[in-house]
Amino acid sequence: MRRASKRFWLLVSVAVAVAALAMQGGWGAGGPKRVNELTLAGLQPGKDVLEKASKKFGKESNIGAHDDPNAHTWRINCDLDDLVIEADTNGIIRDVTVSFYHNRSDRIIVDCDDRVASRKFRSQFGSGRNLLLHDRCGRIEEMYGKAASRSPSVKGSDKLELYLYTFDWAEPDVPQVMEVSCDAATQTVAEITLAASSL
């Protein structure tokens with residue numbers, strides 16, 4: 001085989017390999033590969049039961065208790081991050097929310113040790129793909145791709161931007177919706193909700 005012909009087939013082989021890698025990595029014309037989320041705080045809405053949360057996080061907090069008997073709250077740490085779980089009448093978890101807001105009315109001034117501020121501690125309450133409260137907002141679309149919608153919102157005096165992801169293209173028995181609230185002032189993640197069905 002002539003040298004020019006060998007060079008041509010070598011270039012074709014390299015091009016095919018690069019194209020295959022591009023498709024695997026989601027570089028193709030279809031854009032980034034879609035990803036969904038299964039868990040938040042180690043719990044899978046639609047599958048796990050409230051008892052699992054109780055065993056994992058201990059006694060519920062009565063601070064910030066809800067009127068809804070199906071809503072259950074835990075105060076995560078001394079910095080007053082919250083974990084709120086809503087379950088159906090059979091105890092199946094429907095949605096999980098972790099949140100942190102600078103201007104909450106029940107916030108108190110306390111000294112937090114380095115342990116609760118560490119990424120290792122916060123990861124217990126993060127998403128399965130390791131999106132955590134206090135992460136920079138840029139990580140949201142880096143991890144999950146472009147949101148289905150983004151819209152401004154307000155909670156108390158906190159101005160937010162909401163990132164909505166729908167996973168209706170995934171299997172029906174996995175969480176179908178994730179909403180992430182980004183604090184507009186600090187550009188950090190203030191709240192994450194993962195739900196078994198539409199919010």
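**Values set against their definitions**

Colleague: Why is Arg-150 called partly exposed?

Modeller: Arg-150 has a relative accessible area of 41%. Buried means under 20%, exposed means over 50%, and partly exposed is what lies in between (1.4 Å probe, protein chains only). The value for Arg-150 lies in between, so the residue is called partly exposed.

Colleague: On what basis are such values given?

Modeller: This is a predicted model, in which local features need pLDDT of at least 70 and side-chain atom pairs count only at pLDDT 80 or more, while totals for chains, interfaces and linings use all residues. Residues are numbered from 1 along each chain as its sequence is written, and side-chain values use heavy atoms, with hydrogens and water left out.

Colleague: What makes Arg-150 and Glu-141 a salt bridge?

Modeller: A salt bridge is a side-chain nitrogen of Lys or Arg within 4 Å of a carboxyl oxygen of Asp or Glu. The N to O distance from Arg-150 to Glu-141 is 3.5 Å, so the pair meets the definition. Glu-141 is partly exposed because its relative accessibility is 27%. Salt bridges link Glu-141, Arg-150 and Glu-161 in a network. A search of the whole structure finds 7 salt bridges.

Colleague: What ties Lys-155 to Glu-191?

Modeller: A salt bridge joins their side chains at 3.3 Å, N to O. Lys-155 belongs to strand β4 (residues 149-155) and Glu-191 to strand β7, so the pair ties together parts 36 residues apart in sequence. Helices (H or I, at least four residues) and strands (E, at least two) are DSSP runs, numbered from the N terminus. Lys-155 is partly exposed at 41% relative accessibility, whereas Glu-191 is buried at 10%.

Colleague: Why does Asp-183 count as buried?

Modeller: Its relative accessibility is 4%, so Asp-183 counts as buried. Asp-183 lies in strand β6, and its side chain reaches the backbone nitrogen of Thr-186 at 3.1 Å.

Colleague: How do you know that the pair of Tyr-144 and Tyr-165 is aromatic, and is it stacked, tilted or edge-to-face?

Modeller: Rings of Phe, Tyr and Trp (its six-membered ring) pair if their centres lie within 6.5 Å; planes under 30 degrees apart count as stacked, over 60 as edge-to-face and the rest as tilted. The centres of Tyr-144 and Tyr-165 are 5.7 Å apart and the planes make 55 degrees, so this aromatic pair is tilted. The pair links distant parts of the chain, with Tyr-144 in helix α5 and Tyr-165 in strand β5, 21 residues apart. Both Tyr-144 and Tyr-165 are buried.

Colleague: What makes a nonpolar core, and which residues touch the most other members of the largest one?

Modeller: Such a core is a set of buried Ala, Val, Leu, Ile, Met, Phe, Trp, Tyr and Cys residues joined through side-chain atoms within 4.5 Å. The largest has 36 residues, and Leu-83, Ile-85 and Val-98 touch the most other members. Elements supplying at least two residues each include α2 (50-57), β2 (82-87) and β3 (93-99).

Colleague: How confident is the predictor in the chain?

Modeller: pLDDT is the predictor's confidence in each residue, from 0 to 100. The mean for the chain is 78, and 69% of its residues reach 70 or more. Among the elements, β6 has the highest mean pLDDT (96) and helix α1 (residues 3-25) the lowest (39).

Notes. Polar contact = N/O pair within 3.5 Å; in protein donor to acceptor, adjacent residues only side chain to side chain.
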